Amino acid sequence: MLLRLVWSSLVRHRARTVLAVLGVAVSAAMLLDMVMLSSGMRASFKNLLLSRGFQIRLAPKGTLPFDTDATIGDATAVSSTLRAISGVATVSPVLGGQLYVTRGDRTTTTIALGIDPSVQGDYEIVAGRSPRSANELVASDDFLRATGTKLGDTLSAAAGFDPQLRAVTGRRALVLVGRAHFIYMAAAQNAVALPLQTLQQMRGEPARDRVSLFMVRAASNDRVDRVLAEIERALPRVTAISTETAMRQVDERLSYFRQLAVILGAVSLGVGFLLVTTLVTVSVNERLGEIIVMRAIGVARGRVVLQVLLESTAIMLVGAVAGLGLGLATARYLNSILASFPGLPAAIDFFLFEPRDAWTALGLLAVVGVLAGIYPSWRGASLPIAVTLREEAVA
Amino acid sequence: MTAALIALLFVQAIDSTSPRPGPRTIAIDDRLAADAGLKIGDRVVVASSPGGLGDTVVVGAIMHGRADPSEVARSEYRARMHLDQLQSLAGYGDRVDRFAIGTRSEPGADSALRAINSVAFGFRAHRSRDIAVETSRTFLVVSRFHRAIGVITIVASAIFLLCIMLLKVDERRRDIAALRLLGISNRSIIRGVMVESALVAVLGSAMGVALGWIASLIINWHYRGVYRTPLAFAVVTPGIVELAVALSLVLGLGAGLLAGRRLVGQPPLDLLTGRSESRRSSRAAA
C-alpha cells in the first residue's frame, strides 16, 4: 500500500518527476566522475609504478626520476653497494638521453634509454627480442613509424652535435632487434632502448659511469621499508624513493585535480539535494489535503514521514542508476582530454573505474535522498489535523 | 643577446664571517631565502653535487617568483649566477642550453631566424611566441577539461531551471486559468511566463557572479599559498560575466517558453478545477 502511494505520487506529475530524475542523473554522473578522478589517478599511478615489480627508485639528490637532466655519478660503485644490501633482489640502472637517427637525408630525434637488458623494467617486448650485444637496440612503434624502419635494419645513430666542427658526436651503427612497448613513455613518443654501456660511450665523457636512476626490487614487499632505510644510510648522496613516497609527491603536484574533484563532487550533491528537496516540498504542499485526511483516518505520523522519504530516495536512486551510465561515458571523454597532457605516461588514467566508486556514489546519493526528504516529510507529518482540514476544505 | 645554462646545484649556508676574499654574487628566489633563512649579504657554498667541492658566493639579490604557469607545480628552488661560474661548477665547458636574441624590429626577427637556421648545425632558432605556444600545451589541456566540465554544469543548470519553472507555473495554474477565461491571449500568458523566467535567470546569474567572484578570491588565496606563486588561478572577467548572464538568459527564456506552452495546452476549466490532475491521479492509483 505504502509503495503504491509513493508510485501514485511520483507519476501524478510525470514531466516534473522525469525532469527531477534527469537532473539527479546529471548530478550523479558528475559525482561518479569526481569520485573516479579523486582516486583513479592515484590507483593508476601506483599500478604503473609497480607494474614491473620495482618498489624503490634512486634519483640524483633532491630530484624525482627524470625530472631534471641531473645524473648519479660512480654508477658502478653505487650499483655494487645496492647489491650488497640485504633484501635487495634486483638493481636496474637506467640512463636517459637523446639519440639522433639519420636515414637518408632525414634525422629523427628519439628518447634513448640505456639499460641492462637482463634486469630492465622499462619496456615489454612486443616482437623480436631484447638487445644481447653492444650494438643492438629495441624501439617503440612510434619510432618505427617515424623512421620507416623494421626489425633487422641497421640504423645510424648519434648522441649529439658539435656545432663548431659541424659534425655529429658519438655516432654508432645499431641493429634493430626488437619492437617494444615502453611502459613509462607518453603516447606518440619516439623511444629506443640499448645497452647502458653503449649509450654511455656514445654520450662520451659527461655520461661516463653515470646513470639517471636506479630501480630496485626488494626480495619481498614487507622488506621495502628496511631496504629503503639501508639505502639511505649507505648512499646519502642520492634520493631513494619508495612507491608510497613517489605517490605522495605526485599527489602534491596533482593536488589541484583532487581538490577540484572534492569541490565539484560536493556541488553535485548539493544540486541534487536542492532539486529533490524543492520538488518533494512542492509535491507535499500540493497534497496537504490528502495527507491530512490520511492522518485524520488514523494513518500514523511515521508512515507519512516514511512515504515522503521513500519518494525523495526513489527519485535519487533512479536518477543515480541512470547517472552511472552517463558518468562512465563522460569519464571516458574527460579522460581522453586529460590523457593529452604533454609528457604524461600513456598508461596513466585520470578516471579509473572501480566498483567501489560506483557504490560510493550510489551510497552518497541515497544518503542525500533521505536528507532531501527530511524537511518536506517533517512538514507533512507535523501539520495540525483539524486546522489543516478546515483550511483545505475552504480552499 | 643573453645566454643561459640550467643546472642542478646544492646550496649550503656558511658562516658569514668567513675570510675568503672577493666572492661573486648570486640571486636566489624568495622561497629558497625563506626556507633556508637566507638574506642579502649572506655567504653560501654552491656545488654541483651534495657535499662536493663548490664555490663560495654572496647572496646579492632575492628574486620574487614570476607568475609563470609552466612553473606552477614545480617545487625546485631557483638561483641565478654568472654563466662562466655555472659552466665551471657544472663541468659544462664552453656550452650553453640556449641563447635569447633580441632584434630591433619584427621583420628583423624573421630575417634573423632564417639566417640562423640556414647555418645552424645541432641547434635551431625558434620564435619566442612559438615556444610559448608549445610550453602552454598543458594549460590548453586544463582549459579543455574545464570547458567540458562547464558543459556538464550548463546541462544540469538547464534541467534545474526547467524544473523550477514547471513548478512555478504549476503552482499558479488557477490564476492563469482565470486570466485565460477573462480573455487574455495564450501568447500574452506565454510571454509573461517567459519574462518571469528570464528575471529568475538574470537574478540567479547576478547572484552566481557574486558567488563566483568570492570563490575566485578564495581559490586564488588558497592556491597561491599552496604553490607559492603570484599567479592568478581564477579570474572573473567581463567576458565571462557576459557569457554567463547571456547563457542563463537564453536558458531562462527557453525554460519559460516550454513551461508556458505546457500550461496553455490544457483547457482553462481543467486548470481551474484541477480536473486534469485528478484524472492523472486516478490513472496512477488504478
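This is a predicted model: local features need pLDDT of at least 70, side-chain atom pairs count only at pLDDT 80 or more; totals for chains, interfaces and linings use all residues.
Tutor: Residues are numbered from 1 along each chain as its sequence is written, and chains are lettered from A in the order in which they are written.

Student: What makes H2(A) roughly antiparallel to H8(A)?

Tutor: Helix H2 (residues 14-50) and helix H8 (residues 255-286) of chain A pack at an angle of about 160°, their axes lying 8 Å apart. Angles run from 0 to 180 degrees between N-to-C directions, the axes being lines fitted to C-alpha atoms over the stretch in contact. Angles under 35 degrees count as roughly parallel, over 145 as roughly antiparallel, 65 to 115 as roughly perpendicular and the rest as oblique, so H2(A) is roughly antiparallel to H8(A).

Student: Which residue classes make up the contact of H2(A) with H8(A)?

Tutor: That contact has 17 nonpolar, six polar and two charged residues, where Ala, Val, Leu, Ile, Met, Phe, Trp, Tyr, Cys and Pro count as nonpolar, Asp, Glu, Lys and Arg as charged, and the others, Gly among them, as polar.

Student: How many residues does each chain bring to the contact between chain A and chain B?

Tutor: Chain B brings 31 residues and chain A 38, two residues being in contact if their C-beta atoms, placed from the backbone, lie within 7 Å. On the side of chain B that touches chain A, H5(B) gives the most, with 17 residues, and by class that side has 22 nonpolar, five polar and four charged residues.

Methods. Helices (H or I, at least four residues) and strands (E, at least two) are DSSP runs, numbered from the N terminus.
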